[in-house]
Amino acid sequence: MRVALALATSLALAAAAAAQPQPGTPALLPAPPPFVDWDKVQIKPTSLGNDTYMLEGQGGNITVAVGTDAIIMIDSQFAPLSDKIKTAIKTISPLPIRYLVNTHFHGDHTGGNDNFAKDGATIVAHDNIRVRLAAGTKAGLTGAIAPPRAAEALPKQTYTGGSFALEAGGRKAQLTYAANAHTDGDTWVYFNDANVLCTGDTMNNLKRYQNIDYANGGDVRGMIRVTASYLKVANDTTKVVVGHGPLASRADIQEFHDMLVTSAERIKKLFDEGKTEQEVLDAKPLADLDAKWAANNTSLAIGHTRNVYNSFKRL
């Protein structure tokens with residue numbers, strides 16, 4: 001029950017952050033959800049070895065890799081937590097953050113961009129993130145509107161495909177584009193020297209369905225491709241920092257990947273038969289999976305079926 005609530009809370013926070021303007025400012029920042037007591041949120045660092053850490057708080061998990069003269073950081077959670085995140089990082093290292101990598105554009109992963117950029121961090125991401133943050137977005141399932149972000153929050157170093165390396169103080173982060181997976185701008189990151197894989201929201205370890213933002217380029221087929229890539233990269237000792245949930249392993253990737261494959265196969269069959277979205281929902285083709293991956297949460301089960309079905313409406 002606790003994990004189901006954690007996922008529901010995470011999704012609600014992301015939607016609320018995307019949907020509301022920040023009071024007293026131009027509608028450029030993701031507004032913090034009004035029902036969160038930010039003073040009570042704690043940032044928990046976990047050592048992953050070789051000066052690499054996972055930070056958990058409220059929003060997407062953060063990874064920090066400490067080099068000899070600078071830090072590489074993956075994702076930034078919500079803006080109201082930036083000071084707490086900075087304090088937690090200072091307990092790890094006093095070095096500056098040279099690069100802040102965004103795994104995708106959603107506000108629970110990019111909300112703190114402005115605050116870290118002001119300290120001198122260069123925001124790095126796929127170029128589709130820059131485009132979507134600058135223009136604003138609308139979510140497929142909820143219809144939540146994310147207003148355009150301020151120029152300071154936008155990535156300043158972008159790429160359009162393939163894979164490339166960022167280096168800081170002897171630490172090397174390999175960034176790879178995941179085309180049309182959770183969104184159309186996903187990046188996953190691998191630190192070979194620590195055997196740490198950062199997936200963003202292309203995967204969670206809550207043992208729950210993951211949102212696939214089909215209105216912004218997400219596609220279950222891309223989710224399947226990228227998790228297959230993770231299985232090739234990871235071994236039994238790989239530490240997997242997922243978008244939400246505790247540290248994962250290769251076995252967790254396999255389980256999540258298999259769920260996606262089964263979901264896609266069953267729903268594509270009905271889609272190819274000409275079934276409408278409502279007819280597919282009524283057929284409940286994922287009832288056995290729903291018992292585990294939705295924990296009998298009807299909204300989560302319906303949302304996943306809709307996400308997968310709408311994936312096949314893409315070319």
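W293 counts as buried because its relative accessibility is 5%, where buried means under 20% relative accessible area, exposed over 50% and partly exposed in between, using a 1.4 Å probe and protein chains only. Before we go on, note that this is a predicted model, in which local features need pLDDT of at least 70 and side-chain atom pairs count only at pLDDT 80 or more, while totals for chains, interfaces and linings use all residues. Residues are numbered from 1 along each chain as its sequence is written, and side-chain values use heavy atoms, with hydrogens and water left out.

Let us stay with W293 for a moment. This residue lies in helix 9; helices (H or I, at least four residues) and strands (E, at least two) are DSSP runs, numbered from the N terminus. Leaving aside residues up to four places away in sequence, W293 touches K207, R208, Y209, E255, F256, M259 and L300, a contact being heavy atoms within 4.5 Å. H304 sits 11 residues from W293 along the chain, and the C-alpha atoms of the two are 9.5 Å apart.

Now step back to the whole protein. The protein contains 10 helices and 14 strands. Of its 315 residues, 55% are buried. Among contacts with a separation of 6 or more, 66% join residues 24 or more positions apart.

Where do the buried nonpolar residues gather? In soluble globular proteins, nonpolar side chains tend to be buried together. A nonpolar core is a set of buried Ala, Val, Leu, Ile, Met, Phe, Trp, Tyr and Cys residues joined through side-chain atoms within 4.5 Å. The largest such core here has 35 residues, and Y209, V220 and I253 have the most contacts inside it. Several elements each supply at least two residues of this core, namely strand 12 (186-191), helix 6 (220-233), strand 14, helix 7 (250-272), helix 9 (287-293) and helix 10 (298-311). Helix 7 provides the largest share, 7 residues. Apart from this core lies another one, of 21 residues, including W38, I85, A88 and I123. As for I253, its contacts are L197, M203, T227, Y230, L231, A234 and V240, not counting residues up to four places away in sequence.

Two strands pair if DSSP finds at least two bridges between them. Strand 11 (residues 171-178) runs antiparallel to strand 12 and is joined to it by 5 bridges, with T176 partnered by W188. Strand 13 is also antiparallel to strand 12, with 3 bridges between them, and F191 stands opposite V196. Strands 12 and 13 form a hairpin with 4 residues between them, and N195 in the turn has a positive phi of about 55°.

Another hairpin is formed by strand 1 and strand 2, with 2 residues between them and a positive phi of about 55° at N50 in the turn. Strand 1 (residues 44-49) and strand 2 (residues 52-56) pair in the antiparallel sense over 5 bridges.

Most residues other than glycine have a negative phi, and most peptide bonds are trans. D75 is not a glycine, yet its phi is positive, at about 70°. D75 is in the loop between strand 4 (71-74) and helix 2 (82-92), and because its relative accessibility is 1%, D75 counts as buried. N296 also has a positive phi, of about 60°, without being a glycine. N296 lies in the loop between helix 9 and helix 10, and with 66% relative accessibility, N296 counts as exposed.

D75 leads us to our last stop, as one of the residues lining the largest cavity, along with others including N61, H109 and C198. On a 1 Å grid over the protein atoms alone, a cavity is a set of points where a 1.4 Å probe fits but cannot get out, and lining residues have an atom within 4 Å of a point. The volume of the largest cavity is about 40 Å³, a volume being the space filled by probe spheres set on the points, which are joined across faces, edges and corners. Strand 13 gives the most to this lining, with 3 residues.

How values were computed
1 Å grid on protein atoms, 1.4 Å probe; cavity = no way out; pocket = protein on both sides within 12 Å on 5 of 7 lines; lining within 4 Å.
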